[in-house]
Amino acid sequence: MAEFSITHTYQAAPERVFDAWLNPAVARLFLFATPAGEMIRAEVDARVGGRFTFTDRRPDMGDVLHTGEYLEIDRPRRLVFTFGVPQFNPDMTTVELDFAPAANGGCQLTLTQRQVPDEWADRSKEGWTKITASLEGALEGKKAQAWA
Amino acid sequence: MLDETLTALADPTRRAILARLASGEARVTEVAKPFAISLNAVSKHIRMLEKGGLVRRRIAGRDHYLTLNPKGLDEAAQWIEEQRALWQWRLAELDRVLKENPNG
């Protein structure tokens, strides 16, 4: 029940829609963004096992860090990553993206969000403790990078 | 409470227990019967469901009866709706970005 799927059809080719998620200059404009927030940091290590960090500066909450790992990268069909918001929650969420061709060269994207199942949760918690510790130093006084 | 509720829902055994209780009150032993795991293991799952505010226990003598707490799902359902709306907004933003940068 803590899972859901949504779809959206784009008039762009699957390759373009897929690449948008892994290109930090584009991803920062929508991924983990919120209507009132400002994305001040977007770093992507686009490989399986690679990590990402997106920091959304919000008027009510300050800087909200989203970080996670890429589990599957199958361009342009499927992208799967985990993410968490360590400041608020040690639990992780998995997002699965399936990109299918649509009419007129477009792309239908299906996004499925799931909570990480119990058997992975303990390992995740350990991972998050390490990540949060190493992020503390990185967060202090670090300026947002300008992306070309 | 929301975190406990979502954690409680993130397991197929626990979701199956909730599905069983949707048909009405049942004794713990009855609920545990269809599962291949021990009664002890099922009891742990039930405790997580109680902790998540999804299930209530009534003790009558030596019997423990479980019922679904319909309100327990409300907060989780609301959170899920908010998440879904946020992702829909993000997917729409991506659409706008792609249209504004046809060559990017």
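Predicted model: local features only at pLDDT ≥ 70, side-chain atom pairs only at ≥ 80, totals over all residues.
I started with the strands. Chain A has an open sheet of seven strands, ordered β1-β7-β6-β5-β4-β3-β2, and the pairing is antiparallel. I then checked the ends: β1 (4-10) and β2 (38-44) of chain A are the edge strands, and each has a single partner, so one side of each has no neighbour in the sheet. On average, neighbouring strands here are turned by 20 degrees against each other, direction ignored.

I picked one pair to look at. Strands β3 (residues 51-58) and β4 (residues 62-74) of chain A run antiparallel and are joined by eight bridges. A:R57 has A:D63 in β4(A) as its bridge partner.

**Helices across the sheet**

**Where the chains meet**

I looked up the contact last. It takes 29 residues from chain B and 34 residues from chain A. B:W87, B:L91 and B:L94 supply 25% of the area that chain B buries against chain A, more than any other three residues. Together the two chains bury about 2700 Å², 65% of it on carbon and sulfur atoms.

What about charges and polar pairs? I found zero salt bridges between chain B and chain A, but six residue pairs in polar contact. α5(B) gives the largest share of chain B's side, 18 residues. By class, that side has 15 nonpolar, five polar and nine charged residues.

Conventions: Residues numbered from 1 in each chain as written. Chains lettered and ligands numbered in written order. Heavy atoms only, no water. Contact = heavy atoms within 4.5 Å. Buried area = accessible area lost by both parts, 1.4 Å probe. Salt bridge = Lys/Arg side-chain N within 4 Å of Asp/Glu carboxyl O. Polar contact = N/O pair within 3.5 Å; in protein donor to acceptor, adjacent residues only side chain to side chain. Helix = DSSP H or I, 4+ residues; strand = E, 2+ residues; numbered from the N terminus. Nonpolar A, V, L, I, M, F, W, Y, C, P; charged D, E, K, R; others polar. Pairing = 2+ DSSP bridges. Axes fitted to C-alpha atoms, helices over the stretch in contact; angles between N-to-C directions.
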